[in-house]
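Biologist: I would like a close look at a single part of this model. Please keep the answer connected and brisk.

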Amino acid sequence: MKLDATDLRYVTSDEFRVLTAVEMGSKNHEIVPLPLIVQISGLRNGGVNKLVGSLAKRNLISKVQNAKYEGYRLTYGGYDYLAMRTMSKRDTMHSVGNQIGVGKESDIYIVADAEGSEMVLKLHRLGRVSFRAIKEKRDYLGKRKSASWMYMSRLAAQKEWAFMKILHEHDFPVPRPIDQVRHCLLMEFIDAYPLRQVSDVPNPGKLYSDLMDIIVRFAHAGLIHGDYNEFNILIRRETGEPIIIDFPQMVSTSHENAECGFPNLVFRYFNRDVECIRTFFKRRFRYESALYPKFRKIVNASGEEGFKLDVMVEASGFGRKEMKVLEEVRSFHGSENCC
Ligand code: ADP
Ligand code: MG
């Protein structure tokens, strides 16, 4: 989907009120009825009629008919607009450039601040692939069924923000987080190639051990990345140093899972992260090492970093309940294909 930054300037203040009213109405209505939009926006009936028409024409909302009534739904375009408008009001983001990535669950754009410095905007798009399937099978949203993709995408961005902030504050090699609004995360642009695109490195042994050291540092701080593979490792163009991205699936080493039983699940996540690196290095660089981190040893030494980041993230406001809701979705989507 194309992000239209020019639209940022051409939404009138009344249109903005109507758009915000649709967003607010979506909290408890899958399809927001027109009278409710009128009521929330505080505008005249006839005026709102026209305004919804112009917003729908620009795909910021869409008109939907269900069995009972006709109403409107915020589109991803509308949600993008609202998030970008907030960032632009806060002066964290000024303009939108090219799209550099389309993931299964996100869109990535190069954007800039008022001085023209480049940053990366990640828009979470949960629900793009198989939200309907999840919704049919699972009851995880409870009363919030109607919040669907908007709620899930916002949770993913909040989780990623919480982790990125804490990791960055503790000097882990991750991009500097700049701002987070709704389903969007603004972060430092890393001038790098994803490891996936790197065919040759001067010293594979050094990179391998750096990457394993990072896994161990994560675990000592109470965390497992959970999707640690050649897509989520960037190699800086200038220095060859690795930077780790993509945190919505991070788990705590003391994560409990009723179905699998601790510590089987974390054990599996940890081993999968380690195995992804080993397999990739074997295939791509013909590099193999008998040395690789073992989960039990690490967990016994847990706390060596002197802090528990998983506990800090929880204290920062992204709690266990939110984490659980997201995990339900992730377990359905699966992770990126490793190697
Ligand atoms: P997804 O969840 O869709 O996998 P990622 O966070 O892994 O999203 O980002 C997808 C791609 O976008 C990465 O593989 C990378 O090429 C690019 N990218 C993401 N963040 C940055 C960044 N901070 N700087 C430069 N490129 C980035
Ligand atoms: Mg990724």
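How many residues surround ligand 1, and which are the closest?

Modeller: Bear in mind that this is a predicted model. Ligand 1 is surrounded by 19 residues. The closest are Gly101, Gly103, Ser106, Ile190 and Asp246.

Next, the elements behind that shell. Those that give two or more residues to it are β4 (95–102), β5 (106–112), β6 (118–124), β8 (184–188) and β9 (192–194). By residue class, the shell around ligand 1 has eleven nonpolar residues, four polar ones and four charged ones.

Now the domains. Domain 2 (89–188) gives residues to the shell, and domain 3 (192–333) does too, so ligand 1 lies between them.

Helix α4 (residues 76–89) is worth a look as well. This helix has 14 residues, which at 1.5 Å a residue should span 20 Å. The C-alpha atoms at its ends are 20 Å apart, which agrees. Buried residues in α4 are Tyr76, Gly78, Tyr79, Asp80, Tyr81, Leu82, Ala83, Met84 and Met87. Just after α4 comes Asp91, with a positive phi of about 70°.

Last, the setting. The chain holds eleven helices and 13 strands. It has 339 residues, of which 35% count as buried. Take the contacts in the chain between residues at least 6 apart in sequence: 64% of them join residues at least 24 apart.

Notes
Residues numbered from 1 in each chain as written. Chains lettered and ligands numbered in written order. Predicted model: local features only at pLDDT ≥ 70, side-chain atom pairs only at ≥ 80, totals over all residues. Near = placed C-beta within 6 Å. Helix = DSSP H or I, 4+ residues; strand = E, 2+ residues; numbered from the N terminus. Nonpolar A, V, L, I, M, F, W, Y, C, P; charged D, E, K, R; others polar. Domains from an automatic or database assignment. Expected span 1.5 Å × (residues − 1). Buried ≥ 20, exposed ≤ 12 C-beta atoms within 10 Å, placed from the backbone. Contact = placed C-beta atoms within 7 Å.
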